[in-house]
Amino acid sequence: MNGFMRELSIQYGRKRIEFQLMYSARKTLAIDVHPDLSVVVTAPNDTADSAVEEKVHKRAAWIVQQRRLFESYLPSIPPRQYVSGESHRYLGRQYRLRVRQGDDDNVKMSRGQINVTLANSRNRDRVRSLVQRWFREHAGIVFSQLFDEWSEKARRFGIEADSFQIRKMKTRWGSCTQGGTLLLNSELIAAPKMCIEYVIVHELCHLKEHNHGNEFFNLLKKLMPDWERRRERLNKCVVA
Ligand SMILES: [Zn+2]
C-alpha cells in the first residue's frame, strides 16, 4: 500500500456515493463500508478511475444497504403470543412471561420474570394489553430520563432539542422532526440503556447536522466518544 488516498464519488440514482480510493499491490478491487459509513475502495495499482467508478457503481446497491445496516439496524420482530413461557426483553435482559389467575389485573417484574395476574388468565387480548401498557409506561420513564440527561449535555454543543415522542416504527430505532422532536421506537425499550442513549444522541446530532457528513460524526464523537461500541451492541440486539 502506498498510502496515497484520493476522494472520488459516483452518482447512484439520486444518491451521491463518496469514497476514498487507495491503491495496493493486490490483484482485485475491494470495497469496504466502515461503521462511520465511510466507503474505502482499495484498487490494484494503476487501475484507471473509470474502472474503479464502474466497480463502485455495480456495488452501489450493496453499499447503500451496508450503510443502512450501520445506520439503524432494526431486526424484524417476531409476533408475540403473550402466553406463559414466552420471553420478552427489557433493557437488554430477557424475562419470561408468567400468566396467572388473580383478583386484580396487574403486571410485576421480578427475578427474570414478568408476572401478569388477571381475572381470566385465558384472555390473551387482555394479557397483551396489560403487558404492552407496562412496557409503554416504562419506556416513557426510561426514555424521558435519558432524553433529559443527554439533551442537557447536547445543549453545550448548540443542539436545542424540544421533546421526544414514542412511536411504533417498522424499520428504524429513531428519527427526528424539523421542529426538534425526537421520535423513538417503542421497541427500543428492549435494548440495553447504553444503546438507547446512542439512538438518542444520534438523533440529537441530526437536529444540528442533518446528513451523515464529517460534521455529523465530529459532533457525535464529541458528545459520545464510544458511540461505535454502542451501535455495534445495538446491531446485535435481539428484540424478543
Ligand atoms: Zn442518522
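**Burial, crossing and core assignments in a predicted model**

Q: What makes Gly158 partly exposed in this predicted model?
A: Gly158 has a relative accessible area of 48%. Buried means under 20% and exposed means over 50%, so Gly158, at 48%, is partly exposed. The residue lies in the loop between H3 and strand E9 (163–167). Gly158 and Lys208 stand 50 residues apart in sequence, with their C-alpha atoms 7.9 Å apart in space.

Q: Why is Ser175 called buried?
A: The relative accessible area of Ser175 is 16%. The limit for burial is under 20%, and therefore Ser175 counts as buried. Ser175 belongs to strand E10 (residues 174–176). Apart from neighbours within four places in sequence, Ser175 is in contact with Met169, Thr181, Leu182, Leu183 and Glu203.

Q: Which residues make the contact between H3 and H4, and what is their make-up by class?
A: H3 contributes Val142, Phe143, Gln145, Leu146, Phe147, Glu149, Trp150, Ser151 and Ala154, while H4 contributes Lys193, Ile196, Glu197, Ile200, Val201 and Leu204. By class, this contact has ten nonpolar, two polar and three charged residues.

Q: What makes a set of residues a nonpolar core, and which residues have the most contacts inside the largest one?
A: Such a core consists of buried nonpolar residues joined through side-chain atoms within 4.5 Å. The largest in this model has 50 residues, and Val116, Phe143, Leu188, Leu204 and Leu234 have the most contacts inside it. Elements giving two or more residues to this core include strand E6 (93–101), strand E8 (113–118), strand E11 (181–185), helix H5 (214–223) and helix H6 (227–235). H3 supplies the largest share, twelve residues. In soluble globular proteins, nonpolar side chains tend to be buried together.

Q: Which residues are in contact with Leu188, leaving aside its neighbours within four places in sequence?
A: Leu188 is in contact with Phe143, Trp173, Ile196, Val199 and Leu234. A second, separate core has 16 residues, among them Leu21, Val33, Val41 and Val56.

Key: Residues numbered from 1 in each chain as written. Predicted model: local features only at pLDDT ≥ 70, side-chain atom pairs only at ≥ 80, totals over all residues. Heavy atoms only, no water. Contact = heavy atoms within 4.5 Å. Helix = DSSP H or I, 4+ residues; strand = E, 2+ residues; numbered from the N terminus. Nonpolar A, V, L, I, M, F, W, Y, C, P; charged D, E, K, R; others polar. Buried < 20%, exposed > 50% of the residue type's maximum accessible area, 1.4 Å probe, protein only.
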